[in-house]
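Here's a quick briefing to read with the model open beside you. We'll start with a sheet and then look at how the nonpolar residues group together.

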Amino acid sequence: MKLGRVLFILIFIKLFFSINSYIINNSSDDKINNFKITKIKEEGYKIFIIPHSHCDNSWLKTKEEYYNGTVQYILTSVIKELKNDPEKKFNWAEIGFFYEWYINQDNSTQEIVKQLVLNKQFEFLTGGWVQSDEATVSLDDVIDQMTQGHMWIKDTFNVTVQYGWQIDPFGYSSLTPTLFSRMGIKGLIINRISYNVKNYMKKKREMEFLWKGSETLDTDSELLISTLDNHYDYPEMLNPKNKYPISQRVKKYLEYLEQISKTRISKTILLQIGDDFTHYNAKKDFSASDEWLSYIKERKEEYGIKEIKYATLSEYFEQLKKDIESENIKLNVFNKDFFPYATSEKEYWTGYYTTRPTLKRQIRDVGNLIRISDSMFSILNIKNNITVSNSLYQDLNENRNVLSDAQHHDTITGTSRSYVLFDFFLKLEKARISSYNIISNSYNLLNNISNSEPLQYQNIIDLDDLKDEYYSVVFFNSLGWSVKQHISIKIKTNNTIALSQISLLNSNLSIISDIQIVSLNYKNRCFENDDLYLLFAIIEIPPMGYSTYYLSLNENKSNSNQIVHGKIIYFPNNLVFKTKEIEYEFSRNGYLKSIKNIKSNKMTLINQAFYQYQSKESGPYIFNAGTIENTLKKPSYFILYEGSLVNQLTMVFDSGDCGTISMVNQRIYNNPNLNELSLITEKYLETSYSFTGEMNKEKIIRYKVKSFSSNNNEFYTDNGLETRKRVYREGSTSSNYYPTLHYVNIKDKLKDEQYTLYVDRSVGVTYPSKGEIEIMLHRTMENDDWKGVQWPSKDISRIDGKIYFNFDTIENQKQHEKKLSLQIDHNPIYLIKKISNIKQLKNNPIQHQSQFILKDLPDNIHLQSLKTYSNNRIGLRLLKINQDNNNNNHSTYLNYIKVNPNHLVETGLSFLEISKDNFLNISKNNFKDNNFPIYSGQSEYIYKKTYQNNTNHFYPLEIKSFIINLNNNNNNNNNLKVYNYNNHFTYDKNNISIYYQYDFSAIPLELSHYNDIGQYKQKSHIWRNLFIILTPTILLAIGIIVYIKYNQRFIFKEKSEYIMLNTIDYSI
C-alpha cells in the first residue's frame, strides 16, 4: 500500500502542474501580453532558422518501410510548400532517400526541384548517401558513400555540396575533417559530443572552432565547426506539437536565445526546426513557425535582433565567416577526436563499437569484394571503352548503393532492430553474389572468352566431381603491389586416395611441389566435416591483376603430398611454433605464453586469454563493464597439425550443446625456401576463434606483455588513415574504450618494441593495465539501454574471426604497419571453373597478368580505388601511406599505370573539380585551448613537409584523386556480350547459411535474428501495478474535471486541427 500512496502523490503533483501549465499555455494573449519581454543583453544578432528532417536510412524500420510510409510524403510535402512560398527554405542530408524519391517523380516535378535547388531554397547537406557512422566505418567505405551522393548531385543538379550536417553519429572521428575538407566541404555542424565536453565548450564560448584532422596534413585537413547547443530537434517552445500562445512562445524563445548567445563569441545564431521524420505535413509545420517568426520580425529591434529568417546552412556559414573575419574572432584549434561519447557519467556509448560483430564483418567482407569487382570492371572499361549503360555497370552501382546504405549510423553500428539488420544481411548477400557475377563477366570479356562456363564462387571445391578435368582457380589481387603469400582452398572428397593424387599447377603449368593438405575433421559429433580439407600453398599474383592455378587429380603423380590429419592431445607441453624470425611458445591451456626473437635470442613473456564481462546494464549503444571472469579457459581437447607450410593448434571447448560449442586456433605460416625474405603471412601469429553470443556477456580477448617497461598508459588505435594516440585515464573501463578499424598497438619505447594486433572488423579496444591490450569481440544483452532502439540486442549469432599478432621494432612498424594492415584486409579471392584441356594455355599471358599496372607501386603508395562512373569517367585514387624521402612528385607514380597521362585530370576526393576557395584564412588568429577536456586522440606521427607547396607534390597521408577520361580513347567497343551468371552462384533467401566465413570455420555463416517489430515489453507484475496506479488515478480524474469546470473562465479555447493522412494533398 505504501507504493500505491507514493504513486498517488506523484501522479497528483504531476497532474496539478500539468493543469496549471495547460491553463497558462491556453490563456488569452491579452493576459500574456502584460508580461515584459526584454531584449537580449547584446544587440545585432542574426538568426538563421534551419528547417530540416532527420530521416534515418534504417533503424526501427527498414529503409523501404521508412520510405514508403513516411519519407516520400515528407519530400513531396516540402517541395510543394517551397514552390508555393519563395521565402521558405529546406535542408536535406540523406541523398539515398532523395535519389529514390526523385527518380520516381515526373518530369514536371523534377524541373520544379531543379529550380528550387538553383534558387537556393532547397539545399543538400553533407551529400553522403547516408549520414554515416564515424567509429566503425572504414576509410574506403566512408569515401565511397560520400562519392555516391556527391557525384549524383553534381550530375543531376550541377551543384556541389559545401556544408556538412553530421548531427546524429555517436561521437566524431578525426577522419571527418580530413576527408570532408578534401571533398570541398567548408563548414560542418556537429551535435553528439560528450555532455562534459559540451558543457565546457559552452562555458568557454568555444561552440565554434577549427578542427584539424591530421597534424601531418595540417591546414589541408581543417574544417570550421559549429556545435548545436542542444539536440537537433525543435527547441521545446517552438515545437508545433506544444500549444503555447504566440507571445509565450516568443518569451521562452528569447530566453533560450539569450542562453545560446552566451555559448559563442559570434552573433550569428543557428536555430534548427525539425526532428526525426518531421515535416510530414510541411504546410502545417511551416504555418506554426510562420506565426512566431512574423511576431518576432515585427518586434526584432525591440528584441535586439538584427535579422531572423528561414535559411539554408550555406547562408548561416557564409555569415559566420564574415563575422569571424570582420570581428577578428579567435577560434580554438582542436586536433583530436570526440571519442568516446557520453550522455552521463555512467552512460558511455562505447558498446556499439562491437555490437553485432558478425554483421560488421559481412559489411567489411562485401566491401572488399565490391572493390575487386570495381577494379575488374574499370580495367575492362579502360581496355574496351564499354558504355556505362552496360548491365554490369547497373549492377555494380546498385551494389555500391547497398554498401553505402550499410554505413548508416544505425546499421554498421548494429543499433537497429534485429529484423532491420537481418534485412541488410540479405541485401549484402545479394550484393556478394552480384559482385561475383561482375568479376566473372569482366574476366571473360577482358580475355575475349565467350560461350564458356563462367568463373564461379564455390566456398568448397568438390573433388569427387572431378573426372578427367581440371579446376581452373583464378586468384584476384586488388592491391597495387604484387602478392606472394600462403593461401588456403577448402576442398571436399570422400575418397582419401584422391588426397595423394591432388596436383596444383601454376600459370606456366608447372607443378607446385610444396602443398599441404590438412583435415578439417575436428573429431567432434557437432562438426560434420569428415570429408573436408584445407589445401595450403604459396601463390603469386601481379599488382591489381589475377593469376590462374590448376587443380587436378593425377593418378601417376610421382611426388607424395603432405597430408596432415592432426592428432588429439590433451595438454600441449612446451609446444613451440617457429617462423624465420619469431618463436612462439604456448601454455598447457593452448594460449600464447612467450615470444622469442630468433635473431637476438631475446624472450618476452606474454599472457593471452579470453574473458567476459557480466553486464546487465549494457545495451546496443552503451557499455557498462560488470564483473569480469575467465572464459574459454580449459579446452576439452586439442588437435595439433604440423607441416612445412602451416602449423596449427586447435582448441575445442565442448559445452555438450552443439549450438554453443566453441573453438580457438593458433596458426603460423612458413616458407620452406629459407633463402627468401619473410612473406607477409609469416609476419604474424594468427589466432582464430568461433563462439556464440551468450546472454548478458561481453566477450573480450587480452594480450599482456609481462616485462613491459613503459608507464605512460598509452596505446594507439587506427582511424583508417593514421594511428591516433590514446591514454587510459582514471575512470570506468567503459569510459576508456575507443574504436579501432584495423589495428591497435602498444609501444615499449625503452626497448624499441612494438606489439600490434590486427583485427578483421571494427571493434572496441582499451588498455586495462600496464602492457596489456583488450579487444571486445562479442556482446549480448537481454535488456535495452533505452537510447532509442527500445529493444534489447539479443545477438546470439556465432562469430568466426581472426586476430593477427605482430611483434617488431617501433621503426619497422612505423614503415610497414599500414601496408601489412592493407594486405591482411584485402586478401586475394578466387573463382573457379572446370576445363577439360590446359595444354593450349601454356605460356598464355592471360593466365598471369595485370592489365592496369606496369610494375609494383612503391611500398608507401597504395592504390586505394579504381572505379567507373557515368559518362565514361573512371576514378583513380592513390594514398601515400607515410614519408618518402626519395620522390615527392605524384606524376612519377602515374607512370606506373597503363593509362595515357593526357587522359588524367586531378580532382577533389569525391572526383569533382577541386575548389580553389580556401574559405577561411585565419591562421594568425588561431589558439589552442590546453585545458580542453579531451586528452587523447591526436596523431601519433607527424610527417613534416620539407618542400614547397606544389600541385604535383604528393605529401604523406594525402589522397590524390584523378578522373580518367575515356572519351579520348579511339577504341570504342560497345558490343561486348554480357552474360548473366547469377544462376551459377548459390543464393537462397530462405536458407542463406551456405557461406563459411573463414577457412577454419566448421559451421556456416548465420545471423541470428528475431521479430522485434513494435514495442518491447519487459517482464513485470502488470496487473498488480495497474490496480495500484489506476485506482487513485480514476479518483483523481474526477477531481480534475471539477477543477477544470471551476476554472473554465480562465481557459483560452483554441480550435484543434486534426488532418487525416488521406486528406493531405501531396500533389505538387
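Keep in mind that this is a predicted model. Let's begin with an open sheet of 10 strands, which run in the order β21-β27-β28-β29-β30-β39-β36-β35-β32-β33 with antiparallel pairing. At its edges sit β21 (567–569) and β33 (723–727), each of which pairs on one side only. Going from one strand to the next, the twist averages 20°.

**Around the sheet**
- Helix α17 (residues 810–825) packs on the sheet, where it touches β32 (714–718), β33, β35 (743–748), β36 (753–759) and β39 (798–808).
- The direction of α17 makes about 10° with that of β36.
- Thr650 stands opposite Asn665 in β29.

**The largest nonpolar core**
- This core has 119 residues, and Trp92, Phe98, Phe122, Trp292, Ile775 and Phe805 are those with the most contacts inside it.
- Helix α3 (residues 63–84) gives the largest share, 8 residues.
- Both domain 1 (45–342) and domain 2 (458–559 + 566–832) supply at least three residues each to this core.
- Leaving aside residues up to four places away in sequence, Trp92 touches a set of residues including Val71, Ile74, Leu75, Phe97, Phe98 and Phe122.
- Ser53, Cys55 and Glu123 are also among the residues that Trp92 touches.

**Another core**

Technical notes: Residues numbered from 1 in each chain as written. Predicted model: local features only at pLDDT ≥ 70, side-chain atom pairs only at ≥ 80, totals over all residues. Heavy atoms only, no water. Pairing = 2+ DSSP bridges. Helix = DSSP H or I, 4+ residues; strand = E, 2+ residues; numbered from the N terminus. Axes fitted to C-alpha atoms, helices over the stretch in contact; angles between N-to-C directions. Contact = heavy atoms within 4.5 Å. Core = buried A, V, L, I, M, F, W, Y, C linked by side-chain atoms within 4.5 Å. Buried < 20%, exposed > 50% of the residue type's maximum accessible area, 1.4 Å probe, protein only. Domains from an automatic or database assignment.
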